[in-house]
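Trainee: I am new to this model. Could you show me how to read it?

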Amino acid sequence: MRIANGAVNLHPVRASTKVMAAGTALETMTMATAQEIAAQDFSTVVTTHRPQIFRFLLASTRDVDLAETLTQECFLKAYRNWGSFRGESSAMTWLMRIAINLQKDHWRNRRMQFWRQTQTNAVDLDEASEWLPNGERSAEQQLLAREQVKQVWQAVKGLSERQRTVFLLRYVEEQELSEIARSTGLSEGTVKAHLSRAVARVRAELGGKR
Amino acid sequence: MSLEDKLANEAMDSGLAEALINFRLSVHAWSDAEFGKPRTAAKIVRHGGWRLAAGWALGCVLVAGAAGGGVFEHHHQQEMAKAAAARAVQQQRLAAEQRAREEEDLLAKVDSDVSREVPSAMEPLAQLMAEDDAK
């Protein structure tokens, strides 16, 4: 297994080169073996990051099937380009960037094909707000929390695509601003601005409904 | 740094911070529940195939109509141009014939006028010829 201190060895080519140089016994290592190692690395990346990518896409689309499809597409695309991944950013950032682009493409295609009757399985806000960990809350606290979650969903629904992405990466995926900037390809200043507007909207939604 | 700490650092009011934390917990709970569910691939059944066929048929009719209309208009314009050219040629021919007739009439009139003009010295002789003709 190629995980050390929670980090994944993200450079299969470099890893295989090191292994090949280690000793004469390994000199016979073929290209196929290197590919196997790369595949093992990728398998680790999938296992580690798939839930997070799925969660982000689920929160972005509120559509379980669509989130699942986009997650699969994301990892398929990542697998095809795994050889060209140079490890300049973390695998998570790289995968998140692919996921964000896929999601953008999806909505763009939907807009372009406006005449097509496309079925959307996005759950409504009430249903999305139903989910809360049981914890040690009273029924009243649960109800209050559910209401808050619904209001946040309502605000998220009204955000622009970019604001929503930044907001979800920050407050659901708990990413740092620099990481969000790398994932979205925006500058940190722009990320801050989007986040500020998104939070203002959430605050207004919460304030207005109280 | 946990989200709670981050929110505290960002100086958010407690209501907003609490809502954001609940939102995160809710999304995580939902995602965890959905992620663990087994899924079955279902064949996509296309409903409204007739709508697609009707759309294509209408599209084809529109395209054929537009193309046919264009071809007809082009052909019609060509016919009109030919007829106009033929009319112009006919008019030119008639005008030329008219001119030729007028010229002939003019020449005949000139000939007649010239032939009737007799010098005064020949007048008696001309009278005699006229009398002989009368006899």
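Mentor: Let us start with helices: helices (H or I, at least four residues) and strands (E, at least two) are DSSP runs, numbered from the N terminus. The expected span of a helix is 1.5 Å times one less than its number of residues. The 68 residues of α3(B) should therefore span 100 Å, and the 99 Å between its end C-alpha atoms agrees.

Trainee: How far can I trust the model?

Mentor: This is a predicted model, where local features need pLDDT of at least 70, side-chain atom pairs count only at pLDDT 80 or more, and totals for chains, interfaces and linings use all residues. Residues are numbered from 1 along each chain as its sequence is written, while chains are lettered from A and ligands numbered from 1 in the order in which they are written. Where it is low, the predicted coordinates should not be read in detail.

Trainee: How many residues of chain A are in contact with chain B?

Mentor: Contact means C-beta atoms, placed from the backbone, within 7 Å. By that rule, 24 residues of chain A are in contact with 21 of chain B.

Trainee: And how do I describe two packed helices?

Mentor: By the angle between their axes and the distance between the axes. Here the axes of α6 (residues 139-157) of chain A and α2 (residues 14-35) of chain B come within 8 Å and cross at roughly 90 degrees. Among the residues that meet there are A:Val149 and B:Phe23.

Technical notes:
Axes are lines fitted to C-alpha atoms, for helices over the stretch in contact, and angles run from 0 to 180 degrees between N-to-C directions. Two residues are in contact if their C-beta atoms, placed from the backbone, lie within 7 Å.
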